[in-house]
Amino acid sequence: KSKNAHQLEFLQAAEEIFLSLVPVFEQHPEYIQHNILERIVEPDRIISFRVAWQDDQNQVQVNRGYRVQYNNVIGPYKGGLRFHPTVNESIMKFLAFEQIFKNALTGQQIGGGKGGSDFNPKGKSNAEIMRFCQAFMTELYRYVGPDVDVPAGDIGVGSREVGYLWGQYKRIRGAYEAGVLTGKKPGYGGSLARTEATGYGLVYFVEEMLREAKLSINNKTVVVSGSGNVAIYAIEKAQHFGAKVVACSDSSGYIYDPEGINLKIVKQLKEVEGKRIKEYVNYRPNALYTEGCDGIWTIPCDIALPCATQNEINGDQARTLIANGVKVVAEGANMPSNLDAINEFLASDVLFGPGKAANAGGVAVSALEMAQNSGRNYWTFQEVDEKLHGIMKSIFKESSDAAKKYGYEGNLVVGSNIAGFIKVANGMLVEGVY
Ligand code: NDP
């Protein structure tokens, strides 16, 4: 803790994982003997760099770029890039640390990493976004590669940004190494169903949680936070399974539509026009817009899917959700529930799906994109979707089985942390000390 005293998000993520691992260390002294915990918590390396770029007024702007290469025991470093003004080393490290175990859970050959910049894409022109991405890759290219480190999208980085990053990498390297980035547009090296993967995967995971409890998604009332990539496709799949999604949000506020969200309008506003979610009420007079995000968890629902950002549910909000009868909380975002909230959910009857397991569908399909790039082929939407569905089922089963095996039946936080950790730790034992 003393080495990372100011990295609050990182300490939060590490604490959650470490607490889960206590029963593992009791049964596996070899991990203690080889000091696995101290080795795994220290990233292989952290790269930080200047990104200078010119805005539309010809002013030179400077941002900071990061890439955290955490662990490559199972495969090349793999994890998204986040462009958001809140990005700092602590956030990069928490995301990269979580990514190691999430990626291990997918069963694909991918290690853990994460990167990004404190660049704020909001209000920037398309040309500014392109120049920023080109400047970012002009520095990053020397540290990544299809067998080295494979970035992708995250908050503020979608297929448009990945396209600009990929174009610049290709130009500098003079080679078509498509597997260097995932989240590319289909038809230009990208995989079908990657856009949908995290949101769909989240709902497939919820389906498994409910199945075990002999329940189903059909006719359930759902609240989703965010209205970005993960949120939109979680809404789409939940509706497809017969749920009624009544709320979603952006960083300014949330909408409540008692008749059920009209996803066509949300997609048009967010994916096509880049507008704020509050415009939704212009098209749906019975819907309500509330400024500020905190109140979204006061809306009664059966299923809550936080899909915006870290620490968006605190203990009080968790208690409100529970008091209102929520049955399932599954994390589409990374670490959206703080430790207090997680403890509330685990102490109640709520079925809680931690992000590490529940939102792993995106990176799983990224690994399938890498496989297609290596094989120089394209799989159909259905093929990828079926593989995604299978992977989410197996992540649920592995997490649930690990929880049972170590005496924490039903606790998917403990189960997913243990299942992911053991794969990586055993790999570290095999590879020797370094
Ligand atoms: P997007 O940028 O597409 O969407 C993010 C959404 O969350 C937007 O609606 C945004 O609102 C809102 N949001 C962002 N920051 C805040 C904040 N500080 N407070 C309130 N709302 C906020 O990102 P994604 O959908 O890709 O990512 C969402 C979450 O899912 C992140 O935690 C990400 O790490 C995680 N994730 C994403 C994966 C993927 O495949 N994309 C894979 C696994 C996890 P606004 O538009 O106003 O900024």
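The structure is a predicted model, in which local features need pLDDT of at least 70, side-chain atom pairs count only at pLDDT 80 or more, and totals for chains, interfaces and linings use all residues. Residues are numbered from 1 along each chain as its sequence is written.

## Domains

The protein chain is divided into domain 1 (43–180) and domain 2 (196–358), with bounds that come from an automatic or database domain assignment. Taken over C-alpha atoms, the centres of domain 1 and domain 2 are separated by 27 Å. Domain 1 gives 8 residues to the contact and domain 2 gives 6 residues; two residues are in contact if their C-beta atoms, placed from the backbone, lie within 7 Å. On the side of domain 1 that touches domain 2, the residues divide into 5 nonpolar, 1 polar and 2 charged. In this classification Ala, Val, Leu, Ile, Met, Phe, Trp, Tyr, Cys and Pro count as nonpolar, Asp, Glu, Lys and Arg as charged, and the others, Gly among them, as polar.

## The ligand shell

The ligand is surrounded by 23 residues, of which the closest are Gly228, Ser251, Ala308, Ala333 and Gly362. A residue is near a molecule if its C-beta atom, placed from the backbone, lies within 6 Å of it. By class, the shell has 7 nonpolar, 14 polar and 2 charged residues. Domain 1 and domain 2 each supply at least three residues to the shell around the ligand. Helix H9 (residues 229–240) contributes the largest share, 3 residues. Helices (H or I, at least four residues) and strands (E, at least two) are DSSP runs, numbered from the N terminus.

## Strand S3 and its partners

Strand S3 (residues 77–83) is largely enclosed by the rest of the structure, because 7 of its 7 residues are buried. A residue is buried if 20 or more other C-beta atoms lie within 10 Å of its own, exposed if 12 or fewer, and partly exposed in between, with C-beta atoms placed from the backbone. S3 pairs in the parallel sense with strand S5 (residues 149–152) over 4 bridges, and glycine 79 has proline 151 in S5 as its bridge partner. S3 also pairs in the parallel sense with strand S4 (residues 112–117), over 3 bridges. Two strands pair if DSSP finds at least two bridges between them.

S3, helix H5 (residues 89–105) and S4 form a right-handed β-α-β unit. A crossover is right-handed if, with the strands pointing away from the viewer, the path from the first strand over the helix to the second runs clockwise.

Glycine 115, in strand S4, stands opposite leucine 81. Leaving aside neighbours within four places in sequence, the contacts of glycine 115 are Tyr66, Arg67, Val68, Leu81, Met92 and Pro151. The C-alpha atoms of glycine 115 and alanine 96, 19 residues apart along the chain, are separated by 7.9 Å.

## Strand S7 and its partners

In strand S7 (residues 244–249), 5 of the 6 residues are buried, so the strand is largely enclosed by the rest of the structure. Strand S6 (residues 221–225) pairs with S7 in the parallel sense over 3 bridges, and valine 222 has valine 245 as its bridge partner in S7. The chain passes from S6 through H9 to S7 in a right-handed β-α-β crossover.

Strand S8 (residues 253–256) runs antiparallel to S7 and is joined to S7 by 3 bridges. A hairpin of 3 residues links S7 to S8, and cysteine 248 stands opposite isoleucine 255 in S8.

## Single residues

| Residue | C-beta neighbours within 10 Å | Class |
|---|---|---|
| Alanine 13 | 25 neighbours | buried |
| Asparagine 35 | 11 neighbours | exposed |
| Glycine 115 | 31 neighbours | buried |

Alanine 13 lies in helix H1 (residues 8–20). Apart from neighbours within four places in sequence, alanine 13 is in contact with Phe94, Phe97, Glu98 and Met335. Alanine 13 and asparagine 334 are 321 residues apart in sequence, yet 9.8 Å apart in space, C-alpha to C-alpha.

Asparagine 35 is placed in the loop between helix H3 (29–33) and helix H4 (36–40). The phi of asparagine 35 is near 55 degrees, a positive value in a residue other than glycine. Arginine 376, found in the loop between helix H15 (361–375) and helix H16 (381–405), has a positive phi of about 50 degrees although it is not a glycine.
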